[in-house]
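Morning, everyone. Please look at the screen while I walk you through one chain.

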Amino acid sequence: MKRYTPDCSMHMSHEIAYMRETPEGGYVEYQDHLAVKTQRDNLATRVTKLELVLQGLPQEALDGGWTAKGICCEYASKLETQVKELDVSETKLILERDEAEIALADMYEAATGHRPEWSNFFGFTEAIDEVAEIAAGWGRGEDE
């Protein structure tokens with residue numbers, strides 16, 4: 001498909017617009033304009049998709065330092081390492097939560113004489129508030 005570059009020339013008081021051929025081709029017929037535009041839009045969509053694929057890869061991979069197989073293996077091992085780290089972190093967080101729940105239940109039992117029954121309506125905040133009220137009563141010399 002031939003392309004054109006619009007150009008213009010000034011003569012005295014008249015402006016003349018004309019088309020001249022470019023090194024890449026010549027004129028584009030009006031009816032061919034839609035095909036050129038569609039081709040351009042398709043290429044832009046493909047470039048956008050390829051950019052999304054490349055996100056997250058290190059610059060070394062983009063500069064050509066990796067092969068497709070190397071990218072796949074190293075990226076996969078990096079993801080595996082991250083998953084293992086997250087798993088360890090999650091396990092640690094669960095243990096800390098369980099220890100805090102046991103400590104809170106022990107505190108509640110020491111103050112009220114019975115273990116808390118956790119539910120959607122009675123959680124950690126409610127237990128702490130109840131123990132705080134009991135402790136405030138002890139400070140005033142009240143017995144409950």
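How much accessible surface does the chain have, and what share belongs to carbon and sulfur atoms? About 12,100 Å², with 57% on carbon and sulfur atoms. That area comes from the Shrake-Rupley method with a 1.4 Å probe; for residues, only the protein chains shown count as cover.

Some ground rules. This is a predicted model, where local features need pLDDT of at least 70, side-chain atom pairs count only at pLDDT 80 or more, and totals for chains, interfaces and linings use all residues. Residues are numbered from 1 along each chain as its sequence is written, and side-chain values use heavy atoms, leaving out hydrogens and water.

Now the layout. The chain has 4 helices and 2 strands, in the order β-β-α-α-α-α. Those are DSSP runs numbered from the N terminus: helices are H or I, at least four residues, and strands are E, at least two. Of 144 residues, 13% are buried. Buried means under 20% relative accessible area, exposed over 50%, partly exposed in between, with a 1.4 Å probe and protein chains only.

On to the rings. There are 3 aromatic pairs. Rings of Phe, Tyr and Trp (its six-membered ring) pair if their centres lie within 6.5 Å; planes under 30 degrees apart are stacked, over 60 edge-to-face, the rest tilted. Tryptophan 118 stacks with phenylalanine 122, at 6.0 Å centre to centre and 20 degrees between the planes. Phenylalanine 122 is buried at 17%; phenylalanine 124 is partly exposed at 36%. Ring pairs join Tyr108, Trp118, Phe122 and Phe124 into a cluster.
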